[in-house]
Amino acid sequence: MKRYEKFVLEEEKGITFEVSDGTSGELIIRALNIATANVCSANYVNPPIPEGYKHVCGEWNNGFVIERCSDGSQFVWIPVGSLDSNGTLDGEHFSEKFGRRNYMNDEFSDDEFNEALNGKQLESVKKYGGFYISRYNISKSSAGKPQSVKGVMPWVNIDSDDAKKIASTIEDNEAVKSHLTFGAEYDSVLEWFIKTEVKTLAEIVEDSTEWGNHRNTENSPREVPREAVETGSREKWCANNIYDFAGNVGEWTQEQNESLFCVIRGGDCYNNGNQYPVAYRYCYGPYDDLCATGFRAALWIK
């Protein structure tokens, strides 16, 4: 029997592969037909509440918030099934409810912006019609654990590799698993803001100054760098019960560019909101730790 030292998987458009380790040391290769991702359940109007969480405020269409009973971490439901089919997963067709949006003439392909979306998260979105994202930027508890709570400084000075690892530890049980936000999730949140009319397309694509902590927020008389502030510090920086999505600290995502540099979203306190609006993508190396860059986490409901 001929043995090969390596193998190559080739897929057609609309097909992607998920590769994972099996429980007995084997390599599992699963083919996913992402062209069917647009089929989202109508269950998005009844968000699932995982064991160990409770509903604290909001409705499905304006920010349904759940709280983890053990530490008070909060997450907001994103009803993907209610969105328009203008997102992309394959980088070519913009026909998905769940996917990245081309807000700023970005190029999505293997040679430009790309990401290896978790197939299990995709299946979860289809099953439940949505997903949860952290209500606040992730911060560090007094015990050094990641959390999504109000009134603390965001976790910054962290590179994208560590952000990805730490985000995966926030929740990992039989009911729910956490991960660093995907670009498809980030843009689905933005599209939801537009859909519910809490933010305009211009506030997302052109100028996010008024709903985040930016260098030029509140018409500062001098162009001086501002400081990051505590999570959830101002109600005007809240949209559908999600705080600080624009400004304050940038957010690492799992998206990459052609050089394998990781994509940051949201803008931060060191840049103007009309130069780095919330939809803007900019990249740094995977081991760059930046003083004004943090992260959020999303949940995969099993």
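Which strand holds Trp252? In this predicted model, Trp252 lies in strand β14, which runs over residues 250-256.

**Overall fold.** The protein chain has four helices and 18 strands. Of its 302 residues, 53% are buried. Take the contacts between residues at least 6 apart in sequence: 62% of them join residues at least 24 apart.

**Trp252.** Is Trp252 buried or exposed? Its relative accessible area is 0%, under the 20% cut-off, so Trp252 counts as buried. The side chain of Trp252 reaches the backbone oxygen of Ile158 at 2.9 Å. These two residues are 94 apart in sequence.

The table lists the separations for this pair.

| Pair | Separation |
|---|---|
| Trp252 C-alpha to Ile158 C-alpha | 9.4 Å |
| Trp252 side chain to Ile158 backbone oxygen | 2.9 Å |

**Helix α3.** Helix α3 covers residues 183-195, 13 residues in total. From its first C-alpha to its last, α3 reaches 18 Å. That is close to the 18 Å expected at 1.5 Å a residue.

How many of the 13 residues in α3 are buried? The count is 11, and α3 is mostly covered. Among them are the acidic residues Glu185, Asp187 and Glu191. The buried set also includes Tyr186, Trp192 and Phe193, along with Val189 and Leu190. Gly183, Ala184 and Ser188 are buried too.

Glu197 follows α3. Its phi is positive, near 65°.

How values were computed:
Residues numbered from 1 in each chain as written. Predicted model: local features only at pLDDT ≥ 70, side-chain atom pairs only at ≥ 80, totals over all residues. Heavy atoms only, no water. Helix = DSSP H or I, 4+ residues; strand = E, 2+ residues; numbered from the N terminus. Buried < 20%, exposed > 50% of the residue type's maximum accessible area, 1.4 Å probe, protein only. Contact = heavy atoms within 4.5 Å. Polar contact = N/O pair within 3.5 Å; in protein donor to acceptor, adjacent residues only side chain to side chain. Expected span 1.5 Å × (residues − 1).
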